[in-house]
Amino acid sequence: GMTELNDGKPRKIKNARPYSFTLEEDTTNFGTYEKGGIVTQVKQPKVLNFKPLREALSDPGDFLLSDFSKFDRPPLLHLAFQALDRFISELGRFPVAGSEEDAQKLIFISSNINEGLGDGKLEDINPKLLRHFAFGARAVLNPMAAMFGGIVGQEVVKACSGKFHPLFQFFYFDSVESLPTEAPDSSD
């Protein structure tokens, strides 16, 4: 029954259950459905347009969130990484952990970059978070490196298989609660 469905056109499905589904189509003018039939799932390709890095740095668009309780953090982290890049290019090193002077310099650079953003300017630059960012910028945390290695590996498999949607534009993972509550001594 319902031979009108045999034309091979892809059709949208809604309300899929293990042994039945509903078509997102008006079938009132079709023949009566009797039973059975073979259905093949076909995923439709989706074209993603990524911005070039130069353009995405000034206008990042939406961020992929890792923690929905920190939805306001990715734009600030985006700014912090740009400031860190400028800090490294100017001084040739990462900020020293526990160095208040380096932290203040990073906060100053962040403010300057933010002022130049125009419409994309952030209203609130959290100096406490930027200070933590500066203190931890030099650190290499093995669990964090392992986590990002897993994410990168997963993205490679997605790219090779073409089966799943890749991460789109920017993803910042914020784990400031993993840092020690007391600021580290710069001599350490």
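This is a predicted model: local features need pLDDT of at least 70, side-chain atom pairs count only at pLDDT 80 or more; totals for chains, interfaces and linings use all residues.
**Fold and overall form**

The chain contains five helices and four strands. In sequence order these elements follow the pattern β-β-α-β-α-α-α-α-β. The radius of gyration is 25 Å, whereas the globule rule gives 16 Å for 188 residues, so the chain is more spread out than a compact globule. The C-alpha trace spans about 80 × 35 × 30 Å along its principal axes.

**Surface and contacts**

How much of the chain counts as buried? The share is 22% of the 188 residues. The chain exposes about 13,800 Å², and carbon and sulfur atoms supply 55% of that area. Among contacts with a separation of 6 or more, 64% are between residues 24 or more positions apart.

The percentages for the chain are listed here.

| Quantity | Value |
|---|---|
| Residues of the chain that count as buried | 22% |
| Contacts with a separation of 6 or more that join residues 24 or more positions apart | 64% |

**An annotated span**

An unreviewed UniProt entry places the feature "domain: Ubiquitin-activating enzyme E1 four-helix bundle" at residues 44–114. In the model, residues 44–114 are 56% helix and 3% strand. The end C-alpha atoms of this span lie 40 Å apart.

Methods:
Residues are numbered from 1 along each chain as its sequence is written. Side-chain values use heavy atoms; hydrogens and water are left out. Helices (H or I, at least four residues) and strands (E, at least two) are DSSP runs, numbered from the N terminus. The radius of gyration is taken over C-alpha atoms; the globule rule is 2.2 Å times the number of residues to the power 0.38. Buried means under 20% relative accessible area, exposed over 50%, partly exposed in between (1.4 Å probe, protein chains only). Contact means heavy atoms within 4.5 Å. Accessible areas come from the Shrake-Rupley method with a 1.4 Å probe; for residues, only the protein chains shown count as cover. UniProt positions are given in the numbering used here, feature names are shortened, and annotations may be inferred rather than shown by experiment.
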